[in-house]
Amino acid sequence: QVHLEESGGGSVQAGGSLRLSCAASGYNYRHYCLGWFRQAPGKEREGVAAIDRDGTTNYAGSVKGRFTVSHDNAKNTLFLQMNSLKPEDTAMYYCAVEERPCYQTGYEANEFGDWGQGTQVTVSS
């Protein structure tokens, strides 16, 4: 059974940094896509960043150049380094995994089958 658990969220001032982690277990897919998503109150869940098994990454335009996604294969842990945080980055952040290459998911939340419980990120101005 797939299990994903996020950690590392918190409250920071604008311009600050946070590093989110997602401990993943319970799957052994030949191909997979690991993604970070976020959802702010009253808004739809949106893709933030994704990484394929081969290390190929993809970012939403709003975070490109500020966020970095990575995956420690040995520990099966997904990371999201978030720098230069803005108040509009405030949201619940989720990690997710899907048994397909990222491009086949279209980076859409409804294409990912397994999710963590989320970790809150709050950025104050």
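## Ground rules

Helices (H or I, at least four residues) and strands (E, at least two) are DSSP runs, numbered from the N terminus. This is a predicted model, in which local features need pLDDT of at least 70 and side-chain atom pairs count only at pLDDT 80 or more, while totals for chains, interfaces and linings use all residues. Residues are numbered from 1 along each chain as its sequence is written, and side-chain values use heavy atoms, with hydrogens and water left out.

## The whole chain

The protein chain has eleven strands and one helix. Along the sequence, the pattern reads β-β-β-β-β-β-β-β-β-α-β-β. The C-alpha atoms fill a box of roughly 45 × 25 × 25 Å along the principal axes. The radius of gyration is taken over C-alpha atoms, and the globule rule is 2.2 Å times the number of residues to the power 0.38. A compact globule of 125 residues would come out near 14 Å; the protein chain has 13 Å, which agrees.

Buried residues make up 44% of the 125 residues in the protein chain. Buried means under 20% relative accessible area, exposed over 50%, partly exposed in between (1.4 Å probe, protein chains only). Contact means heavy atoms within 4.5 Å. Among contacts between residues at least 6 apart in sequence, 60% join residues at least 24 apart.

## Surface and charge

The protein chain exposes about 6500 Å², and carbon and sulfur atoms supply 43% of that area. Accessible areas come from the Shrake-Rupley method with a 1.4 Å probe; for residues, only the protein chains shown count as cover.

There are 11 positive and 14 negative charges, and their mean positions are 5 Å apart. Lys and Arg count as positive and Asp and Glu as negative; His and the chain ends are not counted. Each charge is placed at NZ of Lys, CZ of Arg, CG of Asp or CD of Glu.

## Phe79 in strand β8

Phe79 sits in strand β8. Its relative accessibility is 14%, so Phe79 counts as buried. Leaving aside neighbours within four places in sequence, Phe79 is in contact with Arg19, Leu20, Ser21, Trp36, Thr68, Val69, Ser70 and Asp72.

Glu98 lies in strand β9. Glu98 is buried because its relative accessible area is 15%. The Glu98 side chain reaches the backbone nitrogen of Gly113 at 3.0 Å. That is a polar contact: a pair of N or O atoms within 3.5 Å, where, within protein, one must be able to donate a hydrogen and the other to accept it, and residues adjacent in sequence count only if both atoms are side-chain atoms. Not counting residues up to four places away in sequence, Glu98 touches His31, Tyr32, Cys33, Thr105, Glu111, Phe112 and Gly113.

Thr105 belongs to helix α1, residues 102–105. At 3% relative accessibility, it is classed as buried. The Thr105 side chain reaches the backbone oxygen of Cys102 at 2.7 Å. Beyond its neighbours within four places in sequence, Thr105 is in contact with Glu98, Arg100, Glu111 and Phe112.

## The loop between β8 and β9

Asp89 is found in the loop between β8 and β9. Its relative accessibility is 1%, so Asp89 counts as buried. The Asp89 side chain reaches the backbone nitrogen of Lys86 at 2.8 Å. Not counting residues up to four places away in sequence, Asp89 touches Arg38, Arg66, Phe67, Ser84, Val121 and Val123. Asp89 and Ser25 are 64 residues apart in sequence and 27 Å apart in space, C-alpha to C-alpha.

Ser84 is also found in the loop between β8 and β9. At 41% relative accessibility, Ser84 counts as partly exposed.

## Positive phi

Most residues other than glycine have a negative phi. Ser84 has a positive phi, near 50 degrees. Asn76 likewise has a positive phi, near 50 degrees. Asn76 is found in the loop between β7 (67–72) and β8 (77–82). With 17% relative accessibility, Asn76 counts as buried.

## Ala40

Ala40 is placed in the loop between β4 (33–39) and β5 (46–52). Leaving aside neighbours within four places in sequence, Ala40 is in contact with Thr90 and Ala91. Ala40 and Gln120 are 80 residues apart in sequence and 9.6 Å apart in space, C-alpha to C-alpha.
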